[in-house]
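I opened this notebook to keep track of what I looked up, starting with the aromatic rings and moving on from there.

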Amino acid sequence: MKFIDVHCHLDGRHFDDLDGLFKRLEEAGVEKVITCGVDLPTSIAVKEIAERYQGCYFTAGFHPTELKEYREADLEKIAELAMHEKCVAIGEIGLDYHYPDTDKPLQKEVFEKQLRLAYELKLPVEIHSRNSAEDMYDILRANKELLKYGFLLHCYSHSVDLAVELQKSGAYFSFGGTSTYSGSKKARRAIATLGLDRLLTETDSPYMPPVSKAGLFPNTPESIPEILQNFADLHGVNGEYCAEKVWQNAHTLFKKLNK
């Protein structure tokens, strides 16, 4: 079986032996990973990682909680990164109202600008949304013409009803290790309800380990087979069939994976 991790963070101090990690991923059947930027420095860092490893791709963008150093001209630099042959999406972008010092107007502004940038570059987007369901949905509805090239709700955590509505608009959804826990009822209901042709596997490494690795840090894309099997179990299909569907979904959404 071939596996893919569509959202992880391999930059930074948590992974000092990337050569060893990618060797283990090959042994685990995780043939492709997408490592994501959260600001300009990390977007540059993940580009350099993707250049080093054949099965590694990247995204470039500004995460909603990483805007303290954001400047208007930075989007031009993100655009330059996004034209790289291995940059598959603008991301991760979106809204996050979890913290008390949230600058909601700035988050919305930068989110919308990055949606437009992705449209202009003919790229999909990877969306982060936490405690912001209503505003996120309103922005996506108001800018639906900018979603022509596809969009992914990464680590989806909102209601099943909203997921069904977003699915009608063409959304894809990725779920990570937390969805393997029996207590993650909302995520598990969403996985079971959504069409298998809309689901993607992620780890959000180094975070969110699956149940078999509870409490371990850092989590790695080696967890993808366990996350995939959970999808298969919730849909009542065998793992091989589910893995093939997820692989196809990823290559349909992220066109540059096919190059």
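The entries below follow the order in which I looked things up.

**Entry 1, the model.** I am working with a predicted model, and I read every value here as computed from it.

I then looked at Tyr156 and Phe173, whose ring centres are 5.2 Å apart with 85° between the planes, an edge-to-face arrangement. Tyr156 belongs to the loop between β6 (151–153) and α6 (160–168), whereas Phe173 is part of strand β7 (residues 172–175), so this pair ties together parts that lie 17 residues apart in sequence. I also checked their accessibility and found both Tyr156 and Phe173 buried.

Since Phe175 is in strand β7 and Tyr156 in the loop between β6 and α6, the parts tied together are 19 residues apart in sequence. Is Phe175 buried or exposed? With a relative accessibility of 2%, Phe175 counts as buried, and for Tyr156 I wrote down a relative accessible area of 4%, which is buried as well.

I next asked which residues have the most contacts inside the largest nonpolar core. They are Leu166, Phe173, Phe175 and Phe254, in a core of 84 residues. I noted beside this that nonpolar side chains tend to be buried together in soluble globular proteins. For Leu166 I set aside the neighbours within four places in sequence, and the contacts that remained include Met136, Leu140, Phe151, Tyr156 and Phe173.

I turned to charged groups and found the charged end of Lys86 over the ring of Tyr57, 5.0 Å from its centre. Arg198 lies over the face of Tyr172, with 4.2 Å to the ring centre.

My last stop was Lys186, a residue of helix α7 (residues 185–193). Its relative accessibility is 42%, so Lys186 counts as partly exposed. Not counting residues up to four places away in sequence, Lys186 touches Ser157, His158, Ser159 and Val160.

Key
Residues numbered from 1 in each chain as written. Predicted model: local features only at pLDDT ≥ 70, side-chain atom pairs only at ≥ 80, totals over all residues. Heavy atoms only, no water. Phe/Tyr/Trp six-rings, centres within 6.5 Å; stacked < 30°, edge-to-face > 60°. Helix = DSSP H or I, 4+ residues; strand = E, 2+ residues; numbered from the N terminus. Buried < 20%, exposed > 50% of the residue type's maximum accessible area, 1.4 Å probe, protein only. Lys NZ or Arg CZ within 6 Å of the ring centre and 35° of its normal. Core = buried A, V, L, I, M, F, W, Y, C linked by side-chain atoms within 4.5 Å. Contact = heavy atoms within 4.5 Å.
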